[in-house]
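I opened this notebook to record what I looked up in one structure. The entries follow the order in which I consulted it.

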Amino acid sequence: HFLSVYFFFAMAEFFGVMGTDDDEDEDMEVPPDVTLMRPFHVQLVQESWHRLLEEDRIAEAFYRRFLENNPSMAKLFGPRMDVMPQAFTYMLAFVIDDMHSPMEKVIPDLIKLGRRHRLYKVELAHFTLFRDAFLQTLEAEGVTDPDLIEAWAAAMDFITACM
């Protein structure tokens, strides 16, 4: 458990998500296209994510699909690719756990994460590719409940709009 917590904070620091005192001066306005998730969707995502993402298998399948669908994106990951599935799982867990209070924690951290991604040359259009590959992966991994797919689509829309 200690290593998991340590890894989470190391990944958060690596990706520039955890706030620092320097971040206090930054403008953290909510992006205009952010739509907060409906409580029903938050509940479905929070109830299902442990089951879906507790194994790195889903995250690994997601990254495989993302790069199969978008081979030119591989250059954006460089040598960090081997840690991306676990980092994605930890970061998604962080976001999902706090979805009940998005304005206080989640939105500012996602804005910072988006800024960090832009340093790596990630463009807005890439977030849509990311979202689509994630939803395709869920369906390929057996998620067939339309409400659950809709909830995860809302979660991905929320996350990508904040970034």
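**Entry 1: overall make-up.** I note at the outset that this is a predicted model. I looked up the secondary structure and found eight helices and zero strands in the protein. Read from the N terminus, the order of elements is α-α-α-α-α-α-α-α. I then checked burial: 48% of the 163 residues count as buried. For contacts with a separation of 6 or more, I found that 82% join residues 24 or more positions apart.

**Entry 2: the nonpolar core.** I turned next to the largest nonpolar core, which has 47 residues. Which of its residues touch the most other members? They are Met-99, Leu-110, Phe-134, Trp-152 and Phe-158. At least two residues of this core come from each of helix 2 (39-53), helix 3 (56-69), helix 4 (74-77), helix 5 (84-97), helix 6 (102-119), helix 7 (124-140) and helix 8 (146-162). Helix 8 gives the most, with twelve residues. I set beside this a general remark: in soluble globular proteins, nonpolar side chains tend to be buried together.

**Entry 3: helix 5.** I compared the length of helix 5 with expectation. Its 14 residues should span 20 Å at 1.5 Å a residue, and the end C-alpha atoms are 20 Å apart, so the two agree. I then looked up burial along helix 5. Twelve of the 14 residues are buried, and helix 5 is therefore largely enclosed by the rest of the structure. The buried residues are Met-84, Pro-85, Ala-87, Phe-88, Thr-89, Tyr-90, Met-91, Leu-92, Ala-93, Phe-94, Val-95 and Ile-96.

Entry 4: I repeated the length check on helix 6. I listed its buried residues as Pro-102, Val-106, Ile-107, Pro-108, Asp-109, Leu-110, Ile-111, Lys-112, Leu-113, Gly-114 and His-117. Helix 5, helix 7 and helix 8 are among what covers them.

I then moved to Lys-121, which lies in the loop between helix 6 and helix 7. Lys-121 has a positive phi of about 75° although it is not a glycine. Is Lys-121 buried or exposed? I record Lys-121 as exposed, because its relative accessibility is 59% and the cut-off for exposed is over 50%.

**Entry 5: helix 7 against helix 8.** I looked up how this pair packs. The angle between helix 7 and helix 8 is about 160°, and their axes are 10 Å apart. That angle makes helix 7 roughly antiparallel to helix 8. The crossing of helix 7 past helix 8 is right-handed. On the helix 7 side, the contact is made by Phe-127, Arg-131, Phe-134, Leu-135, Leu-138 and Glu-139. On the helix 8 side, Ile-149, Trp-152, Ala-153, Met-156, Asp-157 and Thr-160 make the contact.

**Entry 6: Phe-130.** Phe-130 counts as buried because its relative accessibility is 19%, and buried means under 20%. Which residues does Phe-130 contact, leaving aside its neighbours within four places in sequence? I found Phe-62, Tyr-63, Phe-66 and Phe-88. Phe-130 and Phe-62 are 68 residues apart in sequence, and their C-alpha atoms are 8.9 Å apart in space.

Technical notes: Residues numbered from 1 in each chain as written. Predicted model: local features only at pLDDT ≥ 70, side-chain atom pairs only at ≥ 80, totals over all residues. Heavy atoms only, no water. Core = buried A, V, L, I, M, F, W, Y, C linked by side-chain atoms within 4.5 Å. Buried < 20%, exposed > 50% of the residue type's maximum accessible area, 1.4 Å probe, protein only. Helix = DSSP H or I, 4+ residues; strand = E, 2+ residues; numbered from the N terminus. Contact = heavy atoms within 4.5 Å. Axes fitted to C-alpha atoms, helices over the stretch in contact; angles between N-to-C directions. Parallel < 35°, antiparallel > 145°, perpendicular 65-115°, else oblique. Left-handed = near helix turned anticlockwise from the far one by under 90°. Expected span 1.5 Å × (residues − 1).
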